[in-house]
Amino acid sequence: MNPLDAHTWLAEHGDYLFRVARRQLHSDEQAEDAVQETLLAALAARSRYAGDASVRTWLTGILKHKIVDLIRRNVREVGLPLDEDGDEAVDLLFKQDGHWVEPLRPWGNPHTELELSQLRQVLDECADRLKPVMAQVFSLREVAGLETEEICKELGITPTNCWVLLHRARLFMRQCLELNGFSRAGAA
Amino acid sequence: MKWMPTCREATELASRAADSRPSLAERLALRVHLAVCKNCTRFNRQLHEMRRLLRERPADDDRAGGLTPEARQRIESELKKKAVP
């Protein structure tokens with residue numbers, strides 16, 4: 001089998017690329033688009049594949065750029081979530097005097113791979129429930145590990161906006177995880 | 001910032017610290033608050049725990065599924081269009 005054959009890439013790495021994209025784009029359709037664009041770009045750039053990285057690593061590198069492209073397009077089309085609705089939701093978590101409304105419950109200590117995998121499943125579901133652009137900014141930071149400066153620059157949003165989105169996403173994620181049984185998993 | 005931030009402010013500081021290095025005053029304010037607040041200590045710990053779970057993920061953690069046969073076929077035919085010399 002020719003390692004530089006696009007059909008082989010799809011067969012061997014298609015599902016993997018889809019999963020990576022799905023986690024950051026929070027949409028099946030967009031994740032499929034990202035895989036397609038990645039393979040087409042790889043096909044066009046085939047002669048530049050040096051062979052010193054594995055094909056999967058090379059493809060994943062291209063995919064990362066495609067994901068950012070798609071997110072940038074989303075930000076342009078959908079716009080950022082309005083400031084006000086996010087703020088109201090944060091208001092529900094804190095009292096007027098700035099204290100937490102509800103005490104935070106401790107999270108368990110998952111031990112087995114199965115437990116970890118279940119926790120990640122809940123994490124994915126909670127991230128999918130964030131507003132689309134917020135979910136994507138959150139994943140660029142927390143999943144892909146991009147620096148916030150990079151995210152602002154790539155998406156053309158101000159550092160303040162970026163930071164507010166991230167902070168709200170974290171507050172909602174934590175809340176969602178607690179509501180979905182994160183705190184009961186494993187031991188105290 | 002007052003010498004003792006509220007929980008709401010402390011979560012903002014904890015979040016900022018997870019992205020960049022806050023100023024000395026901000027770091028001190030956060031540390032003072034965390035020293036006396038169990039909830040925010042938990043919040044801070046959970047932020048990092050969440051990040052660890054999301055980043056340290058085995059490549060074959062495949063509960064997220066994969067491409068549907070339809071998507072695979074669609075991509076396949078797009079590739080075919082381009083591959084013809």
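How many of the 188 residues of chain A count as buried? The share is 37%, where buried means that 20 or more other C-beta atoms, placed from the backbone, lie within 10 Å of a residue's own. This is a predicted model, in which local features need pLDDT of at least 70, side-chain atom pairs count only at pLDDT 80 or more, and totals for chains, interfaces and linings use all residues. Residues are numbered from 1 along each chain as its sequence is written, while chains are lettered from A and ligands numbered from 1 in the order in which they are written.

**View 1. Chain A is built of eight helices and zero strands.** Helices here are DSSP runs of H or I with at least four residues, strands are runs of E with at least two, and both are numbered from the N terminus. Along its principal axes, the C-alpha trace of chain A spans about 65 × 40 × 25 Å.

**View 2. Helix α5 (residues 113–129) of chain A packs on helix α8 (residues 159–179) of chain A.** Their axes, which are lines fitted to C-alpha atoms over the stretch in contact, are 9 Å apart and meet at an angle of about 130 degrees, on a scale from 0 to 180 degrees between N-to-C directions. The two helices are therefore oblique to each other: under 35 degrees counts as roughly parallel, over 145 as roughly antiparallel, 65 to 115 as roughly perpendicular, and the rest as oblique. On the α5(A) side, look for A:Val122, A:Leu123, A:Cys126, A:Ala127 and A:Arg129; on the α8(A) side, look for A:Met173, A:Cys176 and A:Leu177. Residues are in contact if their C-beta atoms, placed from the backbone, lie within 7 Å. Seven of the residues in this contact are nonpolar, none is polar and one is charged. Nonpolar covers Ala, Val, Leu, Ile, Met, Phe, Trp, Tyr, Cys and Pro; charged covers Asp, Glu, Lys and Arg; the others, Gly among them, are polar.

**View 3. Chain A meets chain B, with 42 residues of chain A in contact with 37 of chain B.** On the chain A side, α1 (6–25), α2 (28–44), α5 and α8 each supply at least two residues. Helix α1(A) gives the most, with 10 residues. By class, this side has 21 nonpolar, 10 polar and 11 charged residues.

**View 4. Helix α3 (residues 38–55) of chain B has buried residues that pack against helices of both chains.** Among these buried residues are B:Phe43, B:Leu47 and B:Met50. Their partners are α5, α6 (132–142) and α8 of chain A, together with α1 (7–17) and α2 (24–36) of chain B.

Methods:
Contact = placed C-beta atoms within 7 Å. Expected span 1.5 Å × (residues − 1). Buried ≥ 20, exposed ≤ 12 C-beta atoms within 10 Å, placed from the backbone.
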